[in-house]
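Work through the exercises below with the sequence and the model open. Each task is followed by a solution in steps.

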Amino acid sequence: MYSPHFPHSPDTPRTDRSPRPAAALIAGAVGTALSVVLLALVAARWSPLMTLDRTVADALHRHAVTDPGLVRVNRVLTDWVWDPWTMRALVAAAVVALWWRGARLLALWVAAASLLGSLLQQGLKALIGRERPRWPDPVDTAHYAAFPSGHAMTAVVSCGLLLWLLRLHGTGPALWGGAVAVAVLSATGVAATRLYLGVHWLSDVVGGALLGVAVVAFTAAGYRWNLARRTSAAAPGA
């Protein structure tokens, strides 16, 4: 049940089962630390990581050039089903629904988190400037720098925010289990398509996923802290 210190409102659902702020902060800190380490290794072009990236990329590309049918499937998945704009549209629909129901503080936090994820990934791409894999016989193309993967990060941020909202509103076990399965499939699936199509290195998609986890975790913790502060300030005698 939701903390008795927070009076019920559209922004404070009674059935909140979301992670406690301390757990969310730990998850955010771990995701941030790991992504920073990975970023540093990528920027330094650490030889073992570069070798791993190249080995995975070469193996997948060798298979991709021999299977145009599977390439087409992957392109449909990455360009339509798991495209970043598809993911953002789902979050936007949730924001509109929250706003319409009166949960406007929560809607603003979700919108801000999605925007932050987009700005962070583009900023890091510009900062690191990592080149994408290059092939004499490419099966797909992509724009902007490679690290972190925007597709992977957007999928994790979007799916993570939607899962957080479901948990916040105490969704039942059947719906929750199905939602988690879809989210995991989406996050891993989009990473796999980017690798198979030869437009990202393995460390790009891992870095994007870690940053996505950090954004969602810090959003959940920050929202709870902000809500508690606002409630305390509005209490009689405060």
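**Exercise 1. Asp140**

Task: Which side chain does the side chain of Asp140 meet in a polar contact, and at what distance?

Solution. The side chain of Asp140 makes a polar contact with the side chain of Arg75, at 3.4 Å. A polar contact is a pair of N or O atoms within 3.5 Å; within protein, one must be able to donate a hydrogen and the other to accept it, and residues adjacent in sequence count only if both atoms are side-chain atoms. The model is predicted: local features need pLDDT of at least 70 and side-chain atom pairs pLDDT 80 or more, while totals for chains, interfaces and linings use all residues. Residues are numbered from 1 along each chain as its sequence is written, and side-chain values use heavy atoms, with hydrogens and water left out.

Asp140 sits in the loop between helix 5 and helix 6. Helices (H or I, at least four residues) and strands (E, at least two) are DSSP runs numbered from the N terminus. Asp140 has 10% relative accessibility and therefore counts as buried; buried means under 20% relative accessible area, exposed over 50%, and partly exposed in between (1.4 Å probe, protein chains only).

Last, list the contacts, meaning heavy atoms within 4.5 Å. With neighbours within four places in sequence left aside, Asp140 is in contact with Arg75, Leu197 and Val199.

**Exercise 2. The whole chain**

Task: How many helices and how many strands does the protein have?

Solution. Eight helices and zero strands make up its secondary structure. Read from the N terminus, the order of elements is α-α-α-α-α-α-α-α. Of the 238 residues, 46% count as buried. Among contacts with a separation of 6 or more, 79% join residues 24 or more positions apart.

**Exercise 3. Helix 5 against its partners**

Task: Describe how helix 5 packs with helix 6 and with helix 4.

Solution. Two packed helices are described by the angle between their axes and the distance between the axes. Axes are lines fitted to C-alpha atoms, for helices over the stretch in contact, and angles run from 0 to 180 degrees between N-to-C directions.

Step 1, helix 6. The axes of helix 5 (residues 104–128) and helix 6 (residues 150–168) come within 10 Å and cross at roughly 165°. The two helices are therefore roughly antiparallel; angles under 35 degrees count as roughly parallel, over 145 as roughly antiparallel, 65 to 115 as roughly perpendicular and the rest as oblique. The crossing of helix 5 past helix 6 is right-handed. A crossing is left-handed if the near helix is turned anticlockwise from the far one by less than a right angle, and right-handed if clockwise. Residues of helix 5 in this contact include Val110, Ser114 and Gly117, and those of helix 6 include Met153, Val157 and Trp164. By class, the contact has ten nonpolar, five polar and one charged residues. Ala, Val, Leu, Ile, Met, Phe, Trp, Tyr, Cys and Pro count as nonpolar, Asp, Glu, Lys and Arg as charged, and the others, Gly among them, as polar.

Step 2, helix 4. Helix 4 (residues 84–101) and helix 5 have axes 7 Å apart, at an angle of about 160°. Helix 4 and helix 5 are therefore roughly antiparallel, and helix 4 passes helix 5 in a left-handed crossing. Among the residues that meet are Arg88, Val95 and Trp99 of helix 4 and Arg104, Val110 and Ser114 of helix 5. This contact divides into nine nonpolar, three polar and two charged residues.

**Exercise 4. Backbone geometry**

Task: Which peptide bond is cis, and where does Tyr144 lie?

Solution. The bond from Phe147 to Pro148 is cis, with omega near -5°. Pro148 lies in the loop between helix 5 and helix 6. Tyr144 lies in the loop between helix 5 and helix 6; Tyr144 has a positive phi of about 70° although it is not a glycine, and is exposed at 67% relative accessible area.
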